[in-house]
Amino acid sequence: MKKIIFDKRMTETWIYPVICEERDLIKDSERWLDFLDEESSNKLPFRIFIQIPICSELCEFCPYYKEAMCDFSEDKLDKFVNSIIEELEYFSEKKYFQERKVSTICIGGGDPSSLPIKYWNKIFKSISNLFDLSELCGISMEGTVKNLLKPEYIDGLIENKVDRISFGIQTFDSKLKKTMNISVRNEEIYDLVERLKNSPITDYSFDMMYNMPNQSKELLFEDLNTAIKLKPQYIDIHGMDIYPDTSFFKKIYEGNYEIKPSRAREIEMYSQVSQFFENTEYSQVSSNLYSLKNEPFIGYKRYLRGYPMLGIGPSARSYVEKHSFRNANQIDQYINMIGITKNAVEYGHVSSDEDDDLRKMVFFPSMTWIDKSEIIGGENVEKTIKNLLECEYVRWEGSKLKLTNTGKIFAGNISRLFYSKEQKERDFINLLNMIRSQKTSNVKGEESE
């Protein structure tokens, strides 16, 4: 096998197998989901993930589908939340979920905290009535500092047994905030941290970034230093990706910034982050997550270890019994589909036995290690591991195969080495379609100007 040399850092893989819109459109979702009423020998508990693609403020660097809260009337919010509950009811009636217990509940966005707390009271009450929560290990919710500071919001989450919160900080530097149009003030961050420290929710996580425009290594060091002084349980720090079809992309390439994000700077700054945390109380528990607890949140860990996941809400993804499926993206379309069939599944793919087995190999670099007992057989896997060992991207520590410091930089690259031939092809088709859509949107933009 050819020697492995990585020169550019690829983003980590969090989804496998790959859904390909060109191939995976579902015409009859109710019939396609019939497998959920069949017998299954696998009784693993499952994760509920609720996707809320609504934001109070729209970040100009974010490429994901979302809608502005200011565009929602109370009537539309009512319809949206009722649709979430109807979807939960639909899946709760399936034999697969009636025979299993919920392991964790995770709520992401967008910004779930943009929803008034009264709506979360309804959603959590429905989950409690519909599913077996007797072995629930935790409820995690994303939010924004400004919304979480609203009167009685934290108290409302506590009443609903939310025990982990993550919120975006990105940077503490006022100039960088202005550059990125980030409105949250440091005083608000400190206020929220103080409230959480004095509440039952002591498990909170900062979302931060490096490789930002005009972010020097000195500024990154100051950001990290400020963060650890506040002692969050987790610091989740990602390199900034630049996506076409965002206003941020246009600013970058119009020369608005003295220091531009780049792949080379991302590698340098990733190494800087890793070296910084080596001299702190924090342990690296995934390729981009540092923790005082020496392990990631259980929902995150179980998902990467192959536990089933049920996605609820617009654009939510699920993986159950080799079936990978995704809901409709747009909120209006989601509401309409729920009104007709009680589910909003738009795309789906049934994995081969090979791809189902390969999930652990694809995800292990994101966790940074895998136990020898979990490594699957096969000539390609064996050759890949042998090559990674020879190139010193991984090493054995007892029964665990672990990424080296260099390997952690290229966790996303290593994941892709384990893709099956079919999944590589699907990933390539998705990339081509994304490039085509970007070229089309650029042409339209030039015409409109």
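Asn186, Glu188, Ile189, Leu192, Val193 and Leu196 are the buried residues of helix H8, where buried means under 20% relative accessible area with a 1.4 Å probe, protein chains only. They lie on the same side of H8, because they cover an arc of only 160° around the axis, taken from the directions from the helix axis to the C-beta atoms. This is a predicted model, in which local features need pLDDT of at least 70, side-chain atom pairs count only at pLDDT 80 or more, and totals for chains, interfaces and linings use all residues. Residues are numbered from 1 along each chain as its sequence is written, and side-chain values use heavy atoms, without hydrogens and water.

**Helix H8**

**Strand E7**
- E7 (residues 203-210) is largely enclosed by the rest of the structure, because seven of its eight residues are buried.
- Strand E6 runs parallel to E7 and is joined to it by six bridges; strands pair if DSSP finds at least two bridges between them.
- E7 also pairs with strand E8 in the parallel sense, over six bridges.

**Confidence**
- The protein chain averages a pLDDT (the predictor's confidence in each residue, from 0 to 100) of 92, and 96% of the residues score at least 70.

How values were computed. Buried < 20%, exposed > 50% of the residue type's maximum accessible area, 1.4 Å probe, protein only. Helix = DSSP H or I, 4+ residues; strand = E, 2+ residues; numbered from the N terminus.
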